Amino acid sequence: MAFVDHCTQITMKKILVTGGAGFIGSHLVEWLLSTGEYKVTIVDNFNEFYNPAIKRRNVAPFLEQRNFELFEGDIVDIRGMNELCASLRFDCIVHLAGRAGVRPSIDEPILYETTNVRGTYALLEAAQNNGVPRFIFGSSSSVYGLTSRLPFSEDDPIGAPMSPYAATKIAGEAACHVYSHLFGMSVLCLRFFTVYGARQRPDLAIHKFARLIEQNKPITIYGDGASARDYTYIDDIIDGIKSALDYDASPFEIINLGGSHCIELNRLVEVLEQALGKRATVIHESTQPGDVPITFANVEKAHRLLGYSPSTPIETGIEKFVEWLRST
């Protein structure tokens, strides 16, 4: 594996962001580079889960920056990940890469297991082999499955996932705990709750609904629209990750990052209609396997440990998203 390091500022912190060309990853990389304090490396395989051109557009502004390197590779490549970590000796790995989505995971569970579980082990092993002291794992609210406990707290049981995707995230968290316990690695697992904002994946509800309403096309709601989600604006998520980069009070933690306010799907459509200035034509279909009726984050632990305080109400976030959508 050939890799060229163009940065000579040895005092800068070296961060590896897996999946850095994606939605959350590209926002994090943008912030890291803006500080002038980090040398950032991205690993991304630009797969075709959605149009790779979108991800290449996300990283295009970074390519000429001297403190940035792009490595096109697959996290499942154990040898490649080990060589990369040996070459650059990272101070932290922020692991955001993986196969996403509840419904697609039902169709391709083996692919999800390979990428999300084996890929996480490959990165943890590379980190352990090369003395990377800190590892941040992007987990998901889907690990909570079907539960009547509201809001979701980090000490709730997670033994009943509703999809292969959720099961792979539980396995990823377990792997992180093992490496922290055995090797003293500082590990944070951040459970993200329905993140939205500029650059959001086109298959996700807010992006898909907004695009279809804007085009005067019908949208499909599975069920009666009473399902609810804790939608979290991208800026709030990035604030949480920023704080996680500096947190070192304990060797292992699992922390929710959410908006701490859930709204029903029907209300989300109303907010989109208001922001777009158009009415939606809605088609109802039966509830999809793997979907849960509600997600709702208890963020007290995030506030206590990271100073996390989400500040973007859904109405404001949707307005910002629509502005971005129309600009592109």
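## A pocket, a glutamate and a confidence score

Helix H2 (residues 52-59) contributes three residues to the lining of the second largest pocket, the most of any element. This is a predicted model, in which local features need pLDDT of at least 70 and side-chain atom pairs count only at pLDDT 80 or more, while totals for chains, interfaces and linings use all residues. Residues are numbered from 1 along each chain as its sequence is written, and side-chain values use heavy atoms, leaving out hydrogens and water.

**The second largest pocket**
- This pocket holds about 180 Å³ of space.
- Its lining has 13 residues, and Ile54, Arg57, Asn58, Arg199 and Trp324 lie nearest the centre.
- By type, the lining has six nonpolar, four polar and three charged residues.

- You will find Glu273 in helix H9 (residues 265-276); helices are DSSP runs of H or I with at least four residues.
- Glu273 counts as buried because its relative accessibility is 14%, and buried means under 20% relative accessible area with a 1.4 Å probe, protein chains only.
- Leaving aside residues up to four places away in sequence, Glu273 touches Lys278, Arg279 and Ala280 (contact means heavy atoms within 4.5 Å).
- With Arg279, the side chain of Glu273 makes a side-chain polar contact at 3.4 Å (here, a pair of N or O atoms within 3.5 Å, one able to donate a hydrogen and the other to accept it).

**How confident is the model?**
- The chain averages a pLDDT of 94, and 97% of the residues score at least 70; pLDDT is the predictor's confidence in each residue, from 0 to 100.
- Over residues 1-9 the pLDDT is below 50, and this stretch has 23 contacts in the model beyond near neighbours in sequence.
- Where pLDDT is low, the predicted coordinates should not be read in detail.

Technical notes
Helix = DSSP H or I, 4+ residues; strand = E, 2+ residues; numbered from the N terminus. Buried < 20%, exposed > 50% of the residue type's maximum accessible area, 1.4 Å probe, protein only. 1 Å grid on protein atoms, 1.4 Å probe; cavity = no way out; pocket = protein on both sides within 12 Å on 5 of 7 lines; lining within 4 Å. Points joined across faces, edges and corners; volume = space filled by probe spheres on them. Nonpolar A, V, L, I, M, F, W, Y, C, P; charged D, E, K, R; others polar.
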